[in-house]
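Here is a short report on one protein chain. Look over the sequence and the fold before reading on.

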Amino acid sequence: MPSTAAPLAIDIALLLPAPAQSRVRQLNAQFDASEGRGFRFDHRHLPHLTVGQHYIRQESLPAVRRHIARLVSSIVPFEILITGAHSGRTAQSLQVERSATLHSFHTRIMNAMLRFETTGGLANSFHCDNWPARAADITWVSTFRQTASYTRYTPHITIAIGATPLTVEPFSFTSHEIAICRLGRFCT
């Protein structure tokens, strides 16, 4: 019998090692996160580099975990290069070099997730602390495959919501960990 529960909004993400996390958390702390205007990185809101965002049926999560684990078991950790900062309409982020290795990894994840994706995402598809997902969050995940993947993939690390532009010198780190996380407000 098909599930009637709202699908889960998930992010398949590369997590940052401790030194890079510390740097990103310091940048995030400069922005206002009060009253749903932004977010703070903490043990439940992780600095990350998105590889793919998807809606999946809740009962598919164990299979997704197994499938992704098999896929990444053959991938050697690789270097991520931060080339600078980017000021978007609402978000401040770190620009990540779209290396051939990162783009290949993204493509493999997107291809693997095609069989698990579903439609019908709602606000309750997202994790909610005190502020629910916005309509823009729901739409973003719904259209990620069409508007932000493959040749349109623009790797970045979202730092904060706010208008103050970031300034950051280039730096790099090696990614050793991937996670499947439930998305929250602002697709964090």
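With which side chain does the side chain of Gln53 make a polar contact of 3.0 Å? In this predicted model, the partner is the side chain of Trp140. A polar contact of 2.8 Å also joins the side chains of Gln53 and Asp11.

| Side-chain pair | Polar contact |
|---|---|
| Gln53 and Asp11 | 2.8 Å |
| Gln53 and Trp140 | 3.0 Å |

Gln53 sits in strand S2, residues 48–56. Its relative accessibility is 5%, so Gln53 counts as buried; the cut-off for buried is under 20%. Beyond its neighbours within four places in sequence, Gln53 is in contact with residues including Ile10, Val141, Phe144, Leu183 and Cys187.

Met113 lies 60 residues from Gln53 in sequence, and their C-alpha atoms are 9.4 Å apart. Met113 is one of the buried residues of helix H3. Others on that list include Leu102, Phe105, Ile109 and Ala112. H3 spans residues 100–113, 14 residues in total. From first C-alpha to last, H3 reaches 20 Å, close to the 20 Å expected.

Now the sheet. It is open, with 4 antiparallel strands in the order S5-S4-S3-S6. S5 (156–161) and S6 (171–175) stand at the edges with a single partner strand each, so one side of each has no neighbour in the sheet. The twist averages 35° from one strand to the next. S4, residues 91–96, pairs with S5 in the antiparallel sense over 5 bridges. Gln95 has His156 in S5 as its bridge partner. Helix H1 (residues 18–28) lies across S4, S5 and S6. H1 runs at about 30° to S5.

Key:
Residues are numbered from 1 along each chain as its sequence is written. This is a predicted model: local features need pLDDT of at least 70, side-chain atom pairs count only at pLDDT 80 or more; totals for chains, interfaces and linings use all residues. Side-chain values use heavy atoms; hydrogens and water are left out. Helices (H or I, at least four residues) and strands (E, at least two) are DSSP runs, numbered from the N terminus. The expected span of a helix is 1.5 Å times one less than its number of residues. Buried means under 20% relative accessible area, exposed over 50%, partly exposed in between (1.4 Å probe, protein chains only). Two strands pair if DSSP finds at least two bridges between them. Axes are lines fitted to C-alpha atoms, for helices over the stretch in contact, and angles run from 0 to 180 degrees between N-to-C directions. Contact means heavy atoms within 4.5 Å. A polar contact is a pair of N or O atoms within 3.5 Å; within protein, one must be able to donate a hydrogen and the other to accept it, and residues adjacent in sequence count only if both atoms are side-chain atoms.
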